[in-house]
Amino acid sequence: MDTTTKNPTAPPVPGPLGAEQKRAARGATRPGDRIFLGLSRGSGILLLLIMAAIAAFLTYRAAIVLTKDQGNFFTTFEWNPTMDPPVFGIAVLAFGTVVSSVIAMALAVPVAVSIALFITHYAPRKLGGPIAYVIDLLAAVPSIVYGLWGALVLVPHMNGLFGWLDSYLGWTGIFEWQGGAPRSLLTASVLLAIMILPIITNVSREVFRQVPKMQEEAALALGATRWEVIRMSVLPFGRSGVISASMLGLGRALGETMAVATVLSPTFEIHASLLDPGGGTFAQNIASKFGEANEQGRDALIASGLVLFLITLLVNGAARAIIARRKEYSGASA
Amino acid sequence: MTHAAARAAQARRSTLQGARLPRWSPWAIAGGSVVAAVAVGLGAGLDSRIQWGLIAALLFVLGTYAIAARTEGRRQARDRVATSVVWVAFVVAVIPLASLLYATVKRGVKVFNGYFLSHSMGVVADTEPGGGIYHAIIGTLEQVGIATLISVPIGALTAIYLVEYGRGKLAAAVTFFVDVMTGIPSIVAGLFILSFWILILDLGPSGFAGSLALSILMMPVVVRSTEEMLKLVPNELREASLALGVPKWRTILKVVLPTSVGGITTGVMLAIARITGETAPVLLLVWGTGFINNNPFEGAQASLPLYIYQQYANSAGSNAAYDRAWAAALALIAFVMILNLVARGIARWKAPRH
């Protein structure tokens, strides 16, 4: 008994010919094949190299300026990188970025999940498709257009709401309003919430659509109302999908530049109140300080960009890890 | 006797089918709460329509619960509240989006005409009326075109590697980092190119530098969509071709790619639509100018999204500049929407039929 009868696909003859045949089995002997494999593998490796290069270059430029920084990079409430010696820190930016994005996510997720449920479970069948299509199109509206709309349409409309929040909730301190133009972190959050709504809706919708029909029908057959069906079978099934969708939305909001840059009137201080103009975000600060920056100033902006890069990397990585753990779910077209 | 029978009949009916609100009741409650909200708003002198809307939404949800709880019982009431909350959420989401499109179209058409499309801002100060977006259209087309030329081959080849060859650790790493790459903020991509283009190579701003940053944003999108499309190609086609002795690379080029070309085109067009609206990297690397610059490899160039931002930010509240910003926004939205619609049309037209 030799190997051929046991396993007809294995190379029957050992020796110099065996290696040759092994390669033939992989289909990579012909020059065309080798070139093509090389090209496509090379592209994949190039993508990895780009990611590595992004991290490396940003770190390199950031390191140059951080050694000169006279303030504490994480706690200084100042941004004067062009001074000699430079003094700058990201405390205000980190605060503004995290607060505005988290509020945006908190505002957007319930609405987005409701719309996803609306499309999959509530809307008349004829309406569901077109609505989903419109939401898809809205995801394509460029962020600068949201920014222009936010600055010229949304901001004037926030006056009444801010006055209202101030008079009823002003005592909390968070919603206190001195009466300045409503170009504050809260306005930025509202705009960000509107912008990340489509992506959260789309991903949640894909998950809700994959809920096993049997489970829903079983619940209905037991006499459950539509809400009970959703609470007992749809939401538990879709929970991890919704979480990762929210984190993808959070990632978007963290890195959003132009919409925040047009809406916010930035200052380098942290207010307890969300309604008073002031604060800033990483991306907004880069866009608005770039014009007046010299080489050292740009390096400082790159250093803040590196922090933003790491934060979004963490958030997106976590979101993807949650999606990847759910093997049955494959609709992550973010 | 008859009284008891009637009560018994009623009880029996209610176990099978409880009292139901008429079908028109949600509409009636909605109408009633809108009227009440307007009354409260006018009465209390609230000047913001947002407040009116919030009051109406609140009244609608609470009213639905109160009315349904009295006639239908608590379970049904909860169901109705959930339904009304979902509807309210939908309306809440639609309002800003509708307002955005309405404002862009209404304010954009003011100066949107042939002159606007065919003239630059060369001799027009930002606060004066006149001028147009010709230079910005040139810039956007060139930058996006170059970015597409760079990222489509790399992205498509990567997708081919992942689907046709990819096994093991390298493929897993590429898949993961492509996912991560989709989440890179556009401004970080801009900073990356900035850090080596302007700070290390010491070259000035140019459209090409912007294209490099845009291609970083475009590549992962192309990889993702191409990958999805290649996975849809039935394995029988590959096997049939390989069984005829066709080399694998020719199988991919002549069988797999032509089968999925419709979907790949759709994905590429959607990716183009996405990067066309990117402002931040262009701001850092291309800088923008009022003059026509046809050469993407040298000197500052304009671009449509950047034009919108600069008209808004540099004009000190001039209405002429705002009008131009809206008109440019209209042009940009129209371009992106048309790309989207055409892409989806191709997807539907070329969709694999089984």
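Visitor: What share of residues 137-343 of chain B is helix, and how far apart are the end C-alpha atoms?

Guide: The span is 78% helix and 0% strand, and its end C-alpha atoms lie 21 Å apart. Helices (H or I, at least four residues) and strands (E, at least two) are DSSP runs, numbered from the N terminus. This is a predicted model in which local features need pLDDT of at least 70 and side-chain atom pairs count only at pLDDT 80 or more, while totals for chains, interfaces and linings use all residues. Residues are numbered from 1 along each chain as its sequence is written, and chains are lettered from A and ligands numbered from 1 in the order in which they are written.

Visitor: Which UniProt annotation covers those residues 137-343 of chain B?

Guide: An unreviewed UniProt entry labels them "domain: ABC transmembrane type-1". Such annotations may be inferred rather than shown by experiment, their positions follow the numbering used here, and feature names are shortened. In chain A, UniProt (unreviewed entry) gives the feature "domain: ABC transmembrane type-1" to residues 94-319. That span of chain A is 77% helix and 0% strand, with end C-alpha atoms 21 Å apart.

Visitor: Where does UniProt put the feature "transmembrane region" in chain A?

Guide: The unreviewed entry lists residues 44-66, 86-119, 131-155, 185-204 and 300-323 of chain A. Take residues 44-66 of chain A: they are 100% helix and 0% strand, and the end C-alpha atoms lie 33 Å apart. Residues 300-323 of chain A are also 100% helix and 0% strand, with 35 Å between the end C-alpha atoms. For chain B, the stretches that UniProt (unreviewed entry) calls "transmembrane region" include 144-163 and 206-223. Residues 144-163 of chain B are 100% helix, while residues 206-223 of chain B are 94% helix.

Visitor: Which domains does the domain assignment give for chain B?

Guide: Domain 1 is 17-102 and domain 2 is 134-349, bounds that come from an automatic or database domain assignment. Their centres, taken over C-alpha atoms, are 43 Å apart.

Visitor: Why are α6(A) and α13(B) called roughly parallel?

Guide: Helix α6 (residues 143-169) of chain A and helix α13 (residues 304-313) of chain B pack at an angle of about 20°, with axes 9 Å apart. Axes are lines fitted to C-alpha atoms, for helices over the stretch in contact, and angles run from 0 to 180 degrees between N-to-C directions. Angles under 35 degrees count as roughly parallel, over 145 as roughly antiparallel, 65 to 115 as roughly perpendicular and the rest as oblique. So α6(A) and α13(B) are roughly parallel to each other. I144(A), L148(A) and A151(A) meet P305(B), I308(B), Y309(B) and Y312(B) there, where a contact means C-beta atoms, placed from the backbone, within 7 Å.

Visitor: What makes α6(B) oblique to α11(B)?

Guide: Helix α6 (residues 134-165) of chain B packs against helix α11 (residues 248-276) of chain B at about 140°, with the axes 10 Å apart. That angle is why α6(B) counts as oblique to α11(B).

Visitor: Where is confidence lowest and where highest in chain A?

Guide: Helix α1 (residues 3-6) of chain A is lowest, at a mean of 42, and helix α4 (residues 91-122) of chain A is highest, at 93. These are pLDDT values, the predictor's confidence in each residue, from 0 to 100. Residues 1-17 of chain A are below 50, with eight contacts beyond near neighbours in sequence. Where pLDDT is low, the predicted coordinates should not be read in detail. Chain A has a mean pLDDT of 84, and chain B has 87. The model scores ipTM 0.88 and pTM 0.88.

How values were computed. Contact = placed C-beta atoms within 7 Å.
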